[in-house]
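Please read them with the coordinates open beside you.

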Amino acid sequence: MLKTIKEMEKELRLDKFLGNAGVGSRSQVKVLIKKGLVTINDCKARSGDEVIDETKDVIVCRGKRIELIKYRYIMLYKPAGVVSATEDNLDKTVLDCLAKEDRKDLFPVGRLDKDTTGLLLLTNDGELSHNLLSPRKHVDKTYYVTCETNVTHTQMEHLRQGVDIGDDKMTLPALAREGKKENELYLTIREGRFHQVKRMMQAVGNKVTELKRLSMGSLVLDPNLNPGEYRPLTEAELKDLKAGSLKMPV
Ligand code: URA
């Protein structure tokens, strides 16, 4: 009998399912299957490319039921040239950086400009996304900023005090630290206004030439990732991120 698109969407390779569930890497999962430690509906799994329906099939590994994962959290090293959207008529999106089977239901938590690189969280957890983006929560975001000209002491001081970027309100005081070169700096902001870092640098008389996000709340871009690469968040990263996102600012 032919399958409906909905049914096909629920299908997943066994090794992918086990990997997503945190059972192990693809090679570790392969070993577990080979050793006969994984069953699908009480039958020993033969290989990782068996297709399962995660909403119906009962998968057991080493005697433990592996549950359907409701929420997924992916850390992406966003490359330049892709837009922070789930679909776009013109440009590649951040979801295009993911393998097809990893994309389902995910959306980016907030936006980075097309030319901005660095940490982007992708999830299907609307509540966490809301908490991280809520203007009332003031979640810190740290950027590595490269500028057209050297960053002066006066510019740093203005950034620290808050600057007028043409909105109703000045920006909140930012944390500005010297970068590795004189035209670079680390900037931590607690808001997420449109093109905020670029507008802040313009307001102090400089211009951003490169922008890379290094962290969001407690979540730090994994130095082992290259642009365009991604991995699931670890349990510890997720726990810390959730705890931080619930805190109200002091
Ligand atoms: N600020 C910007 O100007 N651009 C970004 O992508 C993120 C913060």
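**Notes on the fold and its cores**

1. Among contacts in the protein chain between residues at least 6 apart in sequence, 62% join residues that are at least 24 apart. Please keep in mind throughout that this is a predicted model.

2. The protein chain contains 7 helices and 15 strands, and its C-alpha trace spans about 70 × 40 × 35 Å along the principal axes. Of the 250 residues in the protein chain, 45% count as buried.

3. The largest nonpolar core is made up of 30 residues, and those with the most contacts inside this core are V145, L185, L187, V197 and M201. At least two residues of this core come from each of the strands β7 (73–78), β9 (117–123), β10 (141–147), β12 (184–189) and β13 (208–216), and likewise from each of the helices α5 (153–161) and α6 (196–203).

4. V197 deserves a look of its own: once its neighbours within four places in sequence are left aside, V197 is in contact with Y143, V145, L187, I189, V208 and L211.

5. The protein chain carries 43 positive and 38 negative side chains, with the centres of the two sets lying 3 Å apart.

How values were computed: Residues numbered from 1 in each chain as written. Predicted model: local features only at pLDDT ≥ 70, side-chain atom pairs only at ≥ 80, totals over all residues. Heavy atoms only, no water. Core = buried A, V, L, I, M, F, W, Y, C linked by side-chain atoms within 4.5 Å. Buried < 20%, exposed > 50% of the residue type's maximum accessible area, 1.4 Å probe, protein only. Helix = DSSP H or I, 4+ residues; strand = E, 2+ residues; numbered from the N terminus. Contact = heavy atoms within 4.5 Å. Lys, Arg positive; Asp, Glu negative; His and termini not counted. Charge placed at Lys NZ, Arg CZ, Asp CG, Glu CD.
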